[in-house]
Amino acid sequence: MTTMGDLPGDLVEEILSRVPLTSLRAIRSTCQKWNSLSKNQIFGRKATAAENKFLGFMMKDSRVCSMKFDLQGIRNDDGELVEPSIKQVSKLDQIEVSQVFHCDGLVLCIIKDNTGLLVWNPYLGQTRWIHPRNNYQIEDRYALGYDNNRNHKILRIFDLYPSSNRVFGYEVYDFSSNSWKVLDVIPEWDIQSHFRGASLKGNAYFPAQKKETVGGIKTINIEDVLLCFDFTRERFGPPLPLPFHSYNADFFVSLACVREEQLAVLYQRWGAFETIEICVTNKIDPNTVSWSKFLITSTGFPVDTFSGSFFIDEEKKVAVVFDLDRYKPTETCRYQIVYIIGQDEYFKSVNMGVAPNIAKNSYQAYCVPLVCSSSYVPSLVQLQINKPGKRKESN
């Protein structure tokens, strides 16, 4: 009797190529040969693309979740769309996180309470725990990237002391050497702890503010820029212009990648919350950038300072913003909301449920939904596999 393992190799590859990425786990359990083959080649991309859905990962309720988002209905006469399918990742179901980042098919998870970092390859199902050189802090900023040799690294930006929110220094973790290295870089720019970076083509980009010392004592921020960290040189490039003129941080700014090819920026001026603008890059590298307008719309809602992650669909000409609903002093809870915003003033909101209050006292601090990837591309990058409770120390 012919078994799955007896099928010709070209037929097996044809079968696997038609399987969506979300179904590969079930396919791998079919037989050892299929499991081995799917972990040495990347399958499922064509089938997933054919579904015309955004497939990615996000943080919701302090958990890493997979996300499928179907925008195919929003331009129909009835204006309906399929609500997002968001499911907790079973591989990481015991882990609570405070931030998530994505680059080159890998997901970097910042563990809640700053006890560690976890890198996860969703396609291979592999994880790698990374411990600090000394310790992590709640205001640390992170980015995941790689150098010209495709060697993956993590950038950590830290403060002199907790809650100072002033950049003091930088260090880089190298996957190949399994160690941290403090960079000899003078922090000339401030990167606020609530401004998340985005990784594009191996480099990391951050909204930042130029610092100026007044009277030799007080330091103020005077100009908003875009900074690129080059993981090959392990240095920041020159300050790049944002598509708006802002001084003393009078804009809220959020970054997102577009199909691993472009960078998008969403911005909203403090005190003018009725307007959201989004621009995308025409050209970008560590030394140059140019922008074009993608969307400007009056929404009437402020984007939450610690949330506001988003992605765009160039074909449908819409932006999808993940956020909290507007704060109301009389309400006892807040909700996690998805806003779909179109270039022709299309606007729709989807309620994803109550946002948990994660404060440890009477102060209210709500868990925000954060998208780290909306167009996931699988990776064969091998990670050291270890389990929680058996974390291997880094140097």
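Cys367 is buried, at 2% relative accessibility. The structure, which is a predicted model, holds zero disulfides.

**Cysteines**

- The sulfur of Cys367 has its closest cysteine sulfur in Cys65, at 9.5 Å, which is too far for a bond.
- Cys372 is likewise in no disulfide, and the nearest cysteine sulfur, belonging to Cys109, is 7.6 Å away.
- Cys372 counts as buried, because its relative accessible area of 15% falls under the 20% limit.

**Strand E19 and its pairing**

- Strand E19 spans residues 275-284, and seven of its ten residues are buried, so that the strand is mostly covered.
- Strand E18, residues 262-269, pairs with E19 in the antiparallel sense over four bridges.
- Within this pairing of E18 and E19, Leu266 has Ile278 of E19 as its bridge partner.
- Strand E20, residues 289-298, also pairs with E19 in the antiparallel sense, over nine bridges.
- Glu277 stands opposite Ile296 of E20.

**Thr281**

- Thr281 is a residue of strand E19 and is buried, with 1% relative accessibility.
- Leaving aside residues up to four places away in sequence, Thr281 touches Gln262, Leu263, Val289, Ser290 and Trp291.

Key:
Residues numbered from 1 in each chain as written. Predicted model: local features only at pLDDT ≥ 70, side-chain atom pairs only at ≥ 80, totals over all residues. Heavy atoms only, no water. Helix = DSSP H or I, 4+ residues; strand = E, 2+ residues; numbered from the N terminus. Buried < 20%, exposed > 50% of the residue type's maximum accessible area, 1.4 Å probe, protein only. Contact = heavy atoms within 4.5 Å. Disulfide = S-S within 2.5 Å. Pairing = 2+ DSSP bridges.
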